[in-house]
Structure formats: C-alpha cells, structure tokens
Amino acid sequence: AAVVYDDMATPFSLTAYRELERVTEEWRRLAEAAERVGATLPETCRDAYHELVGYQIAATANLYALREAEFTNLHYAAQGRAATNELADVAEARFADDRAMAAHYDTVLAGGKWYGFQSQPHIGYGDVARYGPDASWQQPQLHNTAIPDALFPPVRRIELPPSAELGVAVDGSEDWWPAVRGPAAQEPAALPVLSPFRTGPAPYLELFARGSQPFAYRIEAARPWLLVEPAAGRVRTQVRAVVSVDWRRAPRGTSEVPLTVSGPDGATVTVLAVVENPEPPPADFTGFVEAGGYVSMAADHATAVVDTQEVGWKRIPDLGRTGAGMTPWPVTAPSRFPDDGTPRWDGPRLEYRMWLTTTGPVTAWAYLSPRNDTRSGHGLRYAVSLDDAPPQPVDVIAATGADAVAMNRRWQRNTSDNVNRTATSHLVDGPGAHTLTFWMVDPTVVLQNLVVDTGGLLPSYLGPPESLRIW
C-alpha cells in the first residue's frame with residue numbers, strides 16, 4: 001500500500017501540493033533563523049555553534065535549494081522550457097556553495113581543527129558509474145577511497161529554437177499543453193478543484209516559452225467570477241498566473257469553467273477549472289471539511305479523544321514527519337484483541353468528525369510511525385471504522401511486508417521514510433457529517449496522520465496539507 005519512489009529521484013513531489021517547493025522554503029526560513037541566533041552569540045561561542053548547529057542547518061537548506069533546482073531543471077528539460085538552463089545554473093551554483101561551506105569547515109573553522117571532516121561525498125549518491133557498488137548508501141566511494149563529490153543526476157541544458165512558442169502547465173500536474181505526449185494527450189488541461197474550503201495557496205497555471213523569443217499572452221475566463229492574476233502580459237521564460245474565485249458571486253454546486261490561454265501566432269490552450277461551491281456545514285459543526293478530493297487530519301487534532309481507566313492517549317510532540325504523534329499509553333497496555341479472537345470495541349479511540357460532499361467508496365490511509373513487533377509475533381494492529389460500521393483491524397507488519405528481523409527492503413524504506421502507510425476501505429452513504437474512528441488494538445502503535453481519499457488524492461511523499469478544521 002505504500003508509495004514506492006525511484007531511488008534516483010527526489011522523494012518530494014515536484015507537482016503535487018507544491019511539496020518540494022514548500023519543504024525547501026521551510027528549510028530556507030530555518031536557516032535564516034539559525035543565522036540570526038548565531039549572530040547574537042559571543043565571538044568565543046560561534047565556532048562551536050557552527051560546528052553543532054549552524055553548518056548542519058545552512059548546508060541542508062542549501063542542499064534542498066540545490067535539489068529543487070536540479071529536479072525542476074530535469075522536469076523543465078523534458079518540456080522544452082526556456083527556463084531550463086537557468087535552473088541548471090542555479091543547481092550548479094548551489095553545488096559550489098556546498099563545496100565552499102565544506103571547505104570552510106575543513107580549513108577555516110576553529111583554525112583548521114576539523115581538517116577533512118566534511119570531505120565525504122554526500123550529494124552524488126546513486127551514481128554507480130562514478131562510485132561503484134557503494135554509490136547508493138553509506139559513503140559513496142571508489143576502491144575504499146572517498147573521491148570528490150559530484151552533482152547527480154546531472155543537470156541538463158537544451159538548445160531553444162529561434163521562435164516564440166507557447167507552453168502551458170497546470171498546478172498539480174506533470175504534463176504540459178498543447179504538445180503533451182502519451183496517454184494524457186487526449187486529456188484537457190485541468191486545474192486542481194477550487195473550493196471555498198480548500199487549504200493552501202490558490203492554484204495556478206504556468207505559461208512558459210519553448211523558444212528564445214518572448215511573446216504576449218492573454219487568459220480569458222468564461223465566467224466573470226473566475227479570476228486570473230495576471231490575466232495578460234509578456235512571457236520571457238515563464239509566468240505563473242493564479243486562479244481564484246469570487247465566492248460571493250459563484251453559484252452553488254459544481255461548475256466547469258473553461259479558461260482560454262492565447263499566445264503567439266494564434267496558439268491557444270483551453271484549461272478547465274472545476275469549481276465546487278457546496279452548501280457549508282451547519283454553524284454548530286466541528287471537525288474537518290472535505291475539499292480537493294480528500295480529507296487530511298493531523299493525529300493530534302482528533303475531535304474526541306476517548307480514554308479508559310487503564311489506557312489513555314499520549315501526544316508526542318514533533319514525532320511525526322509533519323507534526324505530533326498519538327499513541328496508546330502505557331506501552332505495556334494489554335491488546336484489545338484477546339487470545340480468544342473476540343475483539344473489544346469499547347476501548348481507547350480517536351474520533352475525527354468530517355463534513356463530506358462525496359458519497360460512495362472511500363479509502364482511509366493511516367500514516368504510522370514505523371515500529372517493530374513488540375509482542376513476539378502477535379503483530380502490530382489498529383482498527384478503523386466509519387460511523388456505525390464494524391471496525392476493520394489492520395496488522396501493520398503483515399500489510400506492508402516490512403520484516404524487522406530480516407531488515408528487508410520494505411523495512412528499510414519504511415524506516416528511512418519514517419512512516420508506514422496502510423489503508424482501509426469504507427462506504428459513505430450520503431453527504432454530511434461522518435465520523436472516522438481510529439481504535440487501539442495493540443500498544444506502541446503511533447499515528448501521525450489520517451487521510452481519507454474521496455477520489456482526488458495525488459501521489460506525494462508527505463501526503464496532502466491538512467484540511468480545513470472547524471473547532
């Protein structure tokens with residue numbers, strides 16, 4: 001059930017939920033904050049701070065900026081974008097910054113005390129042709145000797161035709177129009193669903209040049225309440241136009257509104273905007289609101305936390321990849337699935353109230369911290385139910401195939417990703433308020449997030465941003 005990513009690619013999605021862009025920005029802000037802290041310290045403390053804190057944060061923030069430029073460059077090269085070579089320049093500049101920071105650590109910091117400390121390659125992982133069989137893990141090396149680091153995968157540079165040519169990409173998609181290839185060639189360009197309950201920034205469409213000549217563009221919406229900014233201008237390399245809705249004027253229900261993008265030599269691309277404007281939840285509703293084809297809920301934002309006299313729920317701050325974890329406590333609590341096989345469903349649970357507009361089958365994904373079987377072969381279990389339906393037990397270890405004893409590939413991946421993802425299927429009988437319940441079965445299970453896929457969930461590393469929560 002887990003999403004498996006190519007070891008050669010960034011795990012963070014370039015397109016879904018602006019994941020890589022968002023994570024890179026978080027590291028940039030953290031690096032700025034660390035630099036401000038370092039500047040307040042006495043001179044005698046600054047070397048130690050840089051050794052233990054400053055370098056690690058600055059170098060990691062720089063690496064994320066490098067990877068964002070590197071993989072965006074490869075993505076743009078496949079689309080023939082004029083911005084491709086600019087991104088190659090950025091990636092190479094960030095690689096030079098990494099080398100400069102490492103050299104400073106090795107030769108300048110504390111008077112050269114740590115000479116050679118940062119000489120180990122740490123960016124060229126995966127380049128088997130360069131490093132040999134150790135390229136994918138530990139220290140990339142050749143003949144048991146560390147050799148200079150390299151940017152891998154290598155960036156690409158392209159030659160642009162001496163013309164003005166329009167390309168259009170949309171938020172959340174890897175494809176481009178009008179010359180998209182493959183199965184998506186028959187699919188129109190479509191923006192992520194717009195909803196008044198959507199979290200995160202408004203979606204965009206990106207106009208880009210595929211030649212060396214700039215050109216004028218115009219974007220026209222078929223309805224006056226669908227807004228585009230900027231709706232007209234010139235494209236030298238690319239322009240990001242944000243799409244929003246005047247919700248005071250938009251009709252109730254679902255509307256499909258075409259946007260017409262006009263470029264050079266009469267070129268046009270039609271982008272479809274699906275606008276969902278459902279009836280809002282009642283004033284007394286508390287919980288999460290569906291939008292964009294999913295409901296995403298942080299573990300510690302349960303609508304109700306139900307304990308028993310013997311077992312409660314403990315919030316563990318900063319344990320999850322995106323927030324806190326919730327786990328039954330104490331860890332020695334007995335299983336709610338006794339040896340006679342008759343489960344008890346009156347015990348500790350986390351309840352998540354949701355306002356759904358989708359009906360029919362849905363999938364509930366549980367994002368769990370990777371744990372080993374602590375009960376000697378009994379498994380690691382939880383259960384999920386929707387409304388009054390019977391709870392569905394899930395054995396996390398059996399479902400994922402992760403073997404902690406053999407340390408197989410699935411266990412390695414779950415551990416490095418710091419997550420186990422398992423799923424249950426449920427049936428929504430009608431729109432409105434529903435309750436998803438996460439039941440304790442075995443102790444030591446740690447829940448990070450719950451995501452209910454109602455039909456629009458995109459593949460991503462961290463999962464979608466948390467849904468609108470009314471409380």
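This short talk covers a helix pair, a sheet and a pocket.

First, the ground rules. This is a predicted model, where local features need pLDDT of at least 70, side-chain atom pairs count only at pLDDT 80 or more, and totals for chains, interfaces and linings use all residues. Residues are numbered from 1 along each chain as its sequence is written, and side-chain values use heavy atoms, with hydrogens and water left out.

Now the helices. Helices (H or I, at least four residues) and strands (E, at least two) are DSSP runs, numbered from the N terminus. Helix α2, residues 43-79, packs on helix α3, residues 84-107, at about 160° with axes 8 Å apart. Axes are lines fitted to C-alpha atoms, for helices over the stretch in contact, and angles run from 0 to 180 degrees between N-to-C directions. That makes α2 roughly antiparallel to α3; under 35 degrees counts as roughly parallel, over 145 as roughly antiparallel, 65 to 115 as roughly perpendicular and the rest as oblique.

Next, the sheet. Five strands form an open, mixed sheet, in the order β2-β9-β8-β4-β6. β2 (189-190) and β6 (232-235) stand at the edges with a single partner strand each, so one side of each has no neighbour in the sheet. Strands pair if DSSP finds at least two bridges between them. β2 and β9 pair in the parallel sense, over two bridges. Alanine 190 has leucine 272 in β9 as its bridge partner.

Last, the lining of the second largest pocket. Strand β9 turns up again: three lining residues come from β9, the largest share. α1 (19-40), β8 (253-262) and β9 (268-277) each supply at least two.
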